[in-house]
Amino acid sequence: MNPATLPGVMVAVASQRTVPDVLRALVDGLAGCPNTVLARVWLLERPPGCAVCRQAGEEPDPRSMHLVASSGRRNDGAPDYHAVDGRFHRFMLGERKIGEVALSGQALLIPGDVAGEQWVAERAWMAEQRVQSLAAQPLVFRGETLGVLALFDRGRLDARAFEWLRVFADYAAVSIANARALEEVEQLKARLEEENVYLRGEVSTALQMGTFVGGSPALLRVLRQVDLVAPTDATVLVMGESGTGKELIARAIHDRSGRRQRAFIKVNCAAVPEGLFESEFFGHVRGAFTGALKDRPGRFELADGGTLFLDEIGDVPLSLQTKLLRVLQDQEFERVGDTRPRRVDARVVAATNRDLRADVESGRFRQDLFYRLCVFPIELPPLRERPEDIAPLALHFVELAARRLGRPLPRVPQRALDELARHDWPGNVRELQHVCERAVILSQDGPIRFPVQPAPRDDRASAPVVVEGGVRSRADLRRLERDNLAAALQRCEGRIYGPRGAAALLGMKPTTLASRLRALGLRGRRA
């Protein structure tokens, strides 16, 4: 090795911005020096680990070093030795000469006849390539050993050349550390840019969410569940019909948790094209597919430290469910087109309006993923099962709409609220909100009128609806159930519990009967 060539190599290394490029410039530069046989760099890998070892199905000890760059020239002058796998890919700290240099932080120089040393493992190769000297320098940055730089040379290295190699190793350590820092800055910058784009689109929605409105027993039961699970990091599955407020529950869990200072990231799984699911969830690297012009973090990375809300989780393709299960279990994933695993700390709240148990039985949804999501299930009742909340919700939505539209707050008569309470609300809270906004737009001077056609509450006055083949409609079955429960309460003088209660008469659990009575707007007494 000629020390005069090292400044030029340093300049080449300084022009690189990524760790792989720095390492390549480093070993290729040394390999181009006269008499160099082989130049190699081993680094102490930082989490999440070494891609070579992972591809081989191995889990190395975190105290091991891994070969990350290699270059050299054979006897005939041809470049070679670029592979980084093989027998000498990994050394434990203190193992053989390379491991000893890393452990002790002391440089090693064998200035002649390396092949004659007793510890040499590849004596024939050294003799064939006429290796005379071995120099190994620790790569140290701010007191931390990053790895080891080793040089095999056909000449006899003297003290001056060894000192120059020491200077070069220090410079290489700084370059590696700077490239790592720059990569982290670029990753954080890209992540912040994605978060800003995402959050700008979400801020208006978040401002409109407001607080929970209503005081029905069904809603209070859900809120108690939210208060119980929010302080934990447990995965939550929110189930309910469309429009019942599943996203509102997910936001409430996030806002009541220790993650509230970090991002709340939402993914509508039903709106993601099947071919883009993996990129949407886990991100991709530049060149991973046509149109991937730059690295892009996925939703899991954006939610790191915060909460990821997976809406309509039942629409995730079966082919992706295995990878989703892995990131939920191990908090580890890989971007599309990348082999380097990444760790993430994101709390997952999923939501669905489908019967996932039926999807599991039919094979459309993985059973293990279902149980991993359903650590803490929360079921939202539809609006028709909590009629007590319709009036306060309507007043709340009317006030919001009037403020947003710049209209004076209209007067809402009790008669109009009663009409709303008689409506079945198949679209649940979302439908009620849209009806209220439309009513504010249509309102002129005078009381507000809601553009709905309420179903009659006197169910006995309406004829049962029977379609072809004797099949009854859902509304008819609901009327029949209400009539039957009302008759049982009347016969038992309003009692629910006990041997003379309506539950015993109907063959139901008292708690189940009480829940159905609340849902149907009926009242009974405990004893």
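How many bridges join strand E8 (residues 236-239) to strand E15 (residues 347-352), and do they run parallel or antiparallel? Four bridges join E8 to E15, and the two strands run parallel. That pairing opens the tour below, after a word on the model.

This is a predicted model, in which local features need pLDDT of at least 70 and side-chain atom pairs count only at pLDDT 80 or more, while totals for chains, interfaces and linings use all residues. Residues are numbered from 1 along each chain as its sequence is written, and side-chain values use heavy atoms, with hydrogens and water left out.

**Overview. The protein chain brings together 19 helices and 18 strands.** Helices (H or I, at least four residues) and strands (E, at least two) are DSSP runs, numbered from the N terminus. Of the chain's 527 residues, 44% count as buried; buried means under 20% relative accessible area, exposed over 50%, and partly exposed in between, with a 1.4 Å probe and protein chains only. Contact means heavy atoms within 4.5 Å. Among contacts with a separation of 6 or more, 69% come from residues 24 or more positions apart.

**View 1. Five strands make an open sheet with parallel pairing.** Follow the order E9-E12-E15-E8-E16; two strands pair if DSSP finds at least two bridges between them. Strand E9 (264-268) and strand E16 (376-379) stand at the edges with a single partner strand each, so one side of each has no neighbour in the sheet. On average, neighbouring strands of this sheet are turned by 20° against each other, direction ignored. Inside the sheet, look for Met-239, which stands opposite Thr-352 in E15.

**View 2. Strand E7 (residues 144-153) is mostly covered, with eight of its 10 residues buried.** Strand E6 (residues 133-141) joins E7 through nine bridges, and the two run antiparallel. Here Leu-134 stands opposite Phe-152 in E7. The hairpin of E6 and E7 has two residues between the strands, and Arg-142 takes a positive phi near 50° in this hairpin.

**View 3. Strand E1 (residues 36-44) is mostly covered too, with nine of its nine residues buried.** Seven bridges join E1 to E7, and these strands run antiparallel. Two pairs to find are Leu-43 opposite Gly-147 in E7, and Thr-36 with its bridge partner Asp-153 in E7. E1 is also joined by seven bridges to strand E2 (residues 64-73), again antiparallel. There, Leu-38 has Gly-72 in E2 as its bridge partner.

**View 4. Helix H14 (residues 390-405) and helix H15 (residues 414-421) pack at an angle of about 120°, with their axes 9 Å apart.** Axes are lines fitted to C-alpha atoms, for helices over the stretch in contact, and angles run from 0 to 180 degrees between N-to-C directions. The crossing of H14 and H15 is right-handed; a crossing is left-handed if the near helix is turned anticlockwise from the far one by less than a right angle, and right-handed if clockwise. From H14 come Ile-390, Ala-391, Ala-394 and Leu-395, which meet Leu-417, Leu-420 and Ala-421 in H15. The residues of this contact divide into seven nonpolar, no polar and no charged. Ala, Val, Leu, Ile, Met, Phe, Trp, Tyr, Cys and Pro count as nonpolar, Asp, Glu, Lys and Arg as charged, and the others, Gly among them, as polar.

**View 5. Phe-282 and Phe-333 belong to one aromatic cluster with Phe-277, Phe-281 and Phe-300.** The structure holds 11 aromatic pairs. Rings of Phe, Tyr and Trp (its six-membered ring) pair if their centres lie within 6.5 Å; planes under 30 degrees apart count as stacked, over 60 as edge-to-face and the rest as tilted. The rings of Phe-282 and Phe-333 have centres 5.7 Å apart and planes at 25°, so this pair is stacked. The pair links distant parts of the chain: Phe-282 is in helix H9 (residues 277-282) and Phe-333 in strand E13 (residues 332-334), 51 residues apart. Both Phe-282 and Phe-333 are buried.

**View 6. Helix H8 (residues 246-255) is largely enclosed by the rest of the structure, because nine of its 10 residues are buried.** Its buried residues include Lys-246, Glu-247, Arg-251 and His-254, along with Leu-248 and Ile-249.

**View 7. Lys-294 is exposed, with a relative accessible area of 53%.** Lys-294 is found in the loop between strand E10 (283-284) and strand E11 (296-297). Not counting residues up to four places away in sequence, Lys-294 touches His-284, Val-285 and Arg-286. Lys-294 and His-284 are 10 residues apart in sequence and 8.3 Å apart in space, C-alpha to C-alpha.
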